[in-house]
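Open the model in your viewer and keep the sequence panel beside it. This tour goes stop by stop: select, look, move on.

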Amino acid sequence: LFLGIASLCMAGCSEEKPEACYIDVYAEYPNDETLTQTKATLSASISVQSGIGSEYGFYLSNKRAELETAAAGAKKVVSDGNYSNFTYQATGLTPATTYYFRAFASNGNSTFYGEIIEFETRQRSEPVLGEFFVLNVTENSVDLRCSILDSGEETESNLTYGFQYQKGGEANFVSETDGV
């Protein structure tokens, strides 16, 4: 009990003086360098008139209403480190999807929220291929070469690639993907 009273006095925070507990929470829109198809770096800062106390971080959801009420469906992320400037790398997001986030901070008596910020993850794009080369043509073989300049994917592990070919006079193409 004594430690609780002492910590309230040291912070200058009390139910009689709620203005001494005021915290400003500011969040920033994810910049283009940190916003991808499935990831976004969330950034915020807190200015504190009195001690921070228990926790700070972000709420993240693809439903704005969940953040307006801090609903259980919103993902709550508690941050570590310096509260004056803190970040969180949100991963596993869905491409081309609108998300909402807001920063929060608690001083032990109250929780304060920043404004709700909306962002959209990037769309998947089509692969970009380099020049196509046909080399070493013989009666029953040919070397085909082409480079992938941009996979259109955030990670190359999602990419499948190869060549399709068709014998003269046949209607269907044959796909060749292994060993390419």
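## Stop 1: the salt bridge

Select Arg64 and Glu68: their side chains meet in a salt bridge, at 3.1 Å from N to O. Bear in mind that this is a predicted model. The structure holds 1 salt bridge.

## Stop 2: the whole chain

Zoom out and colour by secondary structure. The protein has 2 helices and 12 strands. Follow the cartoon from the N terminus: the order is α-β-β-β-α-β-β-β-β-β-β-β-β-β. The protein has 180 residues, and buried ones make up 30% of them. Next, think about contacts along the chain. Of those with a separation of 6 or more, 57% join residues 24 or more positions apart.

## Stop 3: the largest nonpolar core

Which residues have the most contacts inside the largest nonpolar core? Select Phe58, Leu60, Phe86, Leu93, Phe101, Ala103 and Phe119. The core has 20 residues in total. Strands E1 (23-28), E2 (40-48), E3 (56-61), E5 (86-90), E6 (98-106) and E8 (117-120) each give two or more residues to this core. Apart from it lies another core, of 6 residues, including Tyr59, Ala74, Tyr100 and Phe104. In soluble globular proteins, nonpolar side chains tend to be buried together.

Beyond its neighbours within four places in sequence, Ala103 is in contact with Val25, Ala27, Ala44, Gly57, Phe58, Phe86, Phe112, Tyr113 and Gly114.

## Stop 4

Phe58 counts as buried because its relative accessibility is 0%, and the cut-off is under 20%. Phe58 and Val77 are 19 residues apart in sequence, yet their C-alpha atoms are 5.2 Å apart in space.

Step along to Val78, in strand E4 (residues 75-78). Val78 counts as partly exposed, at 43% relative accessibility. Show what touches this residue: leaving aside neighbours within four places in sequence, Val78 is in contact with Glu55, Tyr56, Gly57 and Phe104.

## Stop 5: Glu118

Jump to Glu118, in strand E8. Glu118 is partly exposed, with a relative accessible area of 44%. Which residues does Glu118 contact, leaving aside its neighbours within four places in sequence? They are Tyr29, Thr98, Tyr99 and Tyr100. Then set a C-alpha distance from Glu118 to Pro30. The two are 88 residues apart in sequence and 9.4 Å apart in space.

## Stop 6: two positive phi values

Most residues other than glycine have a negative phi. Select Ala96: its phi is near 55°. Ala96 is in the loop between E5 and E6. Ala96 counts as partly exposed because its relative accessible area is 37%.

Then select Asn136, which has a positive phi of about 50°. Asn136 is in the loop between E9 and E10. Asn136 is exposed, since its relative accessible area is 52% and the cut-off is over 50%.

## Stop 7: the largest pocket

Finish at the largest pocket, which has a volume of about 250 Å³. Of its 13 lining residues, the closest to the centre are Leu129, Cys146, Ile148, Tyr161 and Gly162. Select those five to find the spot. Strands E9 (128-135) and E10 (143-150) are the elements that give two or more residues to the lining. Which of the elements gives the most? E10 does, with 4 residues. Last, colour the lining by class: 10 residues are nonpolar, 2 are polar and 1 is charged.

Note on methods:
Residues numbered from 1 in each chain as written. Predicted model: local features only at pLDDT ≥ 70, side-chain atom pairs only at ≥ 80, totals over all residues. Heavy atoms only, no water. 1 Å grid on protein atoms, 1.4 Å probe; cavity = no way out; pocket = protein on both sides within 12 Å on 5 of 7 lines; lining within 4 Å. Points joined across faces, edges and corners; volume = space filled by probe spheres on them. Nonpolar A, V, L, I, M, F, W, Y, C, P; charged D, E, K, R; others polar. Core = buried A, V, L, I, M, F, W, Y, C linked by side-chain atoms within 4.5 Å. Buried < 20%, exposed > 50% of the residue type's maximum accessible area, 1.4 Å probe, protein only. Contact = heavy atoms within 4.5 Å. Salt bridge = Lys/Arg side-chain N within 4 Å of Asp/Glu carboxyl O.
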